Amino acid sequence: MLDKTDTHLEALLRRRKPGYSLEAPFYTDPDIFASDLDLIFGRHWIYVGVEPDVAEPGDAMVIDIGKTSVIITRNDDNEVRAFHNVCRHRGARVLQDYKTSVGNLVCRYHAWTYDLDGKLLFAEHMGKDFDAGCHGLKPVHIRSLEGLLFICLSDDPPADFDDMAARMAPYLAPHDLKNAKVAFESELIEPGNWKLVMENNRECYHCAGNHPELTVPLFAYGFGFAPEELDDMGRLEAQRYADLVKASHGEWESCGFPSQMIEHLDDMVTGFRTERLPLDGAGESHTGDTRAACRKLLGAINDPRHGALHFWTQPNSWHHFMSDHVVTFSAIPLDAERTLVRTKWLVHKDAVEGVDYDIANLTAVWQATNVQDAELVGLCQEGARSPAYEPGPYSPHTEMLVEKFCNWYVGRMRAQGAR
């Protein structure tokens, strides 16, 4: 695979200009895309879902990444496990549906049957010398970070996941995601390379002009600004936001809710960033009126004004943990110019639709924002195909996290031996 891109990819990585977007082949070249799947998605921790996706023993979920299909299931001991979705007989996919519930994992081709730990239980007509113990489903590394599920397709996953988990667990635990339920989920195929999807997520420079719904709960200056360009009103707004962040962090920390920013987006193999931030208006949730969308708050939270905990991971996820609900996002590359964005909205497991929450109200802000983002990513993808495209400069005030995403990507590609 790497031989096809060879010096082309190596040269592109070597001459990447800091502070500028990537060259066009990173967004359009099928060979570089193949290397991305191998070196990034095949060797790092990838966010794929939440424990409530497989809430009960026997629940199963299928995740496809490139040519690899993975079964995630919960066994009878209530443990979440992951296996390659490949029957050890003739290689047929064992499960076809995205989500299902099973007693055992049965391949429909010849009825080879595996238990929820991947052990082969039944294989008819294989003779007396057949060793079933050598033909269990191949396991895949899986970790749950307070209910967020990450898999690694490599036999040697990055060890610093433990470092991230140790630092993030106190931030996430109060929301008790394991005892939430998926109230709604959506799949949107964005017409752009996965890196454009992630770059778009790593800044809010574009928010004021494109996200009228999202900018109701989020502050315009929450993700950076050029101070010398602010007018009097802008300076007042920026100061109001800075004062609110300082006061909110102090209040939340005193209540046992970690809030301070932690940022390791480009200096760890498993890059991540978090911070708990205040919301505008009523300050309760990502809704059109900024009020809580669900009457039952999550976990240990007893005040809806605990802001929104932002948690980003490299290479493919972002999450918003609020008092009343959680929104999680995974970006799964489909080909060089298409990316599946899977979004899940979670509420307390005992919350009742129509009584405690309304799906339309719960999902309105991010349903609209996702569609708007997909359009923006498509515009960039079209531009990357043009002979006139050349890398442009990032804003040092509002796109510094895009720069860190690109730093991480280039660094990891080179560290993995991209040529």
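The mean pLDDT of the chain (the predictor's confidence in each residue, from 0 to 100) is 95, and 98% of its residues reach 70 or more. Over residues 1-6 the pLDDT falls below 50, and this stretch has 15 contacts (heavy atoms within 4.5 Å) beyond near neighbours in sequence. The model is predicted, so local features need pLDDT of at least 70 and side-chain atom pairs count only at 80 or more, while totals for chains, interfaces and linings use all residues. Residues are numbered from 1 along each chain as its sequence is written, and side-chain values use heavy atoms, without hydrogens and water.

Helices (H or I, at least four residues) and strands (E, at least two) are DSSP runs numbered from the N terminus. The UniProt annotation "domain: Rieske", from an unreviewed entry, covers residues 47-151. This span is 0% helix and 40% strand, and its end C-alpha atoms lie 7 Å apart.

In strand 15 (residues 317-321), 5 of 5 residues are buried (under 20% relative accessible area, 1.4 Å probe, protein chains only). Ser317, His319 and Phe321 point one way, Trp318 and His320 the other. Strand 15 runs antiparallel to strand 14 (residues 308-313), with 5 bridges, and a hairpin of 3 residues joins the two. Strand 15 is also antiparallel to strand 16 (residues 326-335), again through 5 bridges, with 4 residues between them in a hairpin. Trp318 is the bridge partner of Trp312 and is likewise paired with Phe329 in strand 16.

Helix 9 (residues 400-415) has 16 residues and reaches 22 Å from first to last C-alpha, close to the 22 Å expected at 1.5 Å a residue (1.5 Å times one less than the number of residues). Its buried residues include Trp408, Tyr409 and Arg412. Just after helix 9, Gly417 takes a positive phi of about 90 degrees.

Terms used
Buried means under 20% relative accessible area, exposed over 50%, partly exposed in between (1.4 Å probe, protein chains only). UniProt positions are given in the numbering used here, feature names are shortened, and annotations may be inferred rather than shown by experiment. Two strands pair if DSSP finds at least two bridges between them.
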